[in-house]
Amino acid sequence: MSFLPRVQEDVEKVKQSLHAPGMRDIKGLEERLTQLQALLIQTERICEDQANNSNTIRNQQESFMVQGDISVLSELHEAHRGQLKNLHSNNRNLLEFYNKFAAAKGELSQNLLIRLNWVTHCQKAIWNCDGRLTMISENLVRVKRRFAILEQINVAPQLYCKCLGEVSRRSTYAKQYKDWGLKLKDKTEGQRKKETMTRGGFHENLRGHFLTTLFRGLDSVPTA
């Protein structure tokens with residue numbers, strides 16, 4: 001297989017990998033996050049209940065230390081026993097919730113790691129294809145330049161003959177133009193001399209006459 005079809009095949013593979021099913025979305029993520037949010041709310045309630053039980057036991061202890069009434073010990077014992085059971089039960093629930101959160105975190109981290117590896121793989125494949133396409137583009141530019149040189153070499157004989165013909169044509173034109181210019185110069189020089197003589201004779205007839213003040217410039221001669 002030649003180089004270009006192999007690159008085209010790699011590009012198609014990259015395009016297929018970019019549309020890999022199950023990679024762009026995490027199935028059931030929204031539902032899972034909703035469940036974790038509900039579990040978090042429940043955990044906050046248990047923590048609040050734990051704080052209330054702890055404060056109640058502490059307040060009852062302080063009250064007993066101040067009053068010193070031993071008759072309430074039995075009642076306090078039963079109350080503390082129930083509160084401690086509640087604390088223990090809540091603590092087990094919190095531990096269970098912690099394990100669920102840890103498991104969810106690990107599961108999400110694993111899913112994200114898989115997708116990050118997929119993104120890294122796709123990015124590397126795109127970079128490799130881009131490098132190959134850039135190399136092909138640069139090679140095509142060099143080939144185009146060489147073809148341009150070959151084209152110049154191919155038409156060189158024809159252009160050389162045309163250049164010789166153009167040089168000859170221009171030489172002939174320059175000679176004809178020069179001859180025409182010389183002839184025109186001689187002709188205009190004769191016409192100028194004739195015009196100068198005609199104007200001179202006319203000016204002699206008006207020399208000293210008062211009409212020269214009305215027709216100024218009659219004494220001028222043709223420019224060279």
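Rings of Phe, Tyr and Trp (its six-membered ring) pair if their centres lie within 6.5 Å; planes under 30 degrees apart count as stacked, over 60 as edge-to-face and the rest as tilted. I begin my notes with that rule.

**Entry: the model**

I am reading a predicted model, in which local features need pLDDT of at least 70, side-chain atom pairs count only at pLDDT 80 or more, and totals for chains, interfaces and linings use all residues. I number residues from 1 along each chain as its sequence is written, and side-chain values use heavy atoms, with hydrogens and water left out.

**Entry: aromatic rings**

I searched the whole structure for aromatic pairs and found two. In one, Tyr173 and Tyr177 are stacked, with 5.9 Å from centre to centre and 25° between the planes. I then looked at Tyr177 and Trp180, which form a tilted pair at 5.7 Å centre to centre, with 40° between the planes. I note that Tyr173, Tyr177 and Trp180 form one aromatic cluster.

Where do Tyr173 and Tyr177 lie? I find both in helix 3, four residues apart, about one turn of the helix. Helices (H or I, at least four residues) and strands (E, at least two) are DSSP runs, numbered from the N terminus. Tyr177 and Trp180 are also both in helix 3, three residues apart, again about one turn.

Buried means under 20% relative accessible area, exposed over 50%, and partly exposed in between (1.4 Å probe, protein chains only). Tyr177 has 49% relative accessibility, so I record Tyr177 as partly exposed.

**Entry: salt bridges**

How many salt bridges does a search of the whole structure find? I get four. For this count, a salt bridge is a side-chain nitrogen of Lys or Arg within 4 Å of a carboxyl oxygen of Asp or Glu.

I took Glu96 and Lys100 to begin with. Their side chains meet in a salt bridge at 3.6 Å, N to O. Glu96 and Lys100 are four residues apart in helix 3 (residues 73-206), so about one helical turn separates them. I have Glu96 as partly exposed, with a relative accessible area of 39%. Lys100 is partly exposed too, at 38%.

I moved on to Glu166, which forms a salt bridge with Arg169, the closest N and O atoms being 2.7 Å apart. Glu166 and Arg169 both lie in helix 3, three residues apart, about one turn of the helix. Glu166 counts as partly exposed at 27% relative accessibility, and Arg169 counts as partly exposed at 47%.

The side chain of Glu166 also meets that of Arg170 in a salt bridge, at 2.6 Å, N to O. Is Arg170 exposed or buried? I list Arg170 as exposed, because its relative accessibility is 54%.

**Entry: cysteines**

I looked for disulfides and found zero. A disulfide is a covalent bond between the sulfur atoms of two cysteines. For the search, the two cysteine sulfur atoms had to be within 2.5 Å. Cys47 is partly exposed at 39%.
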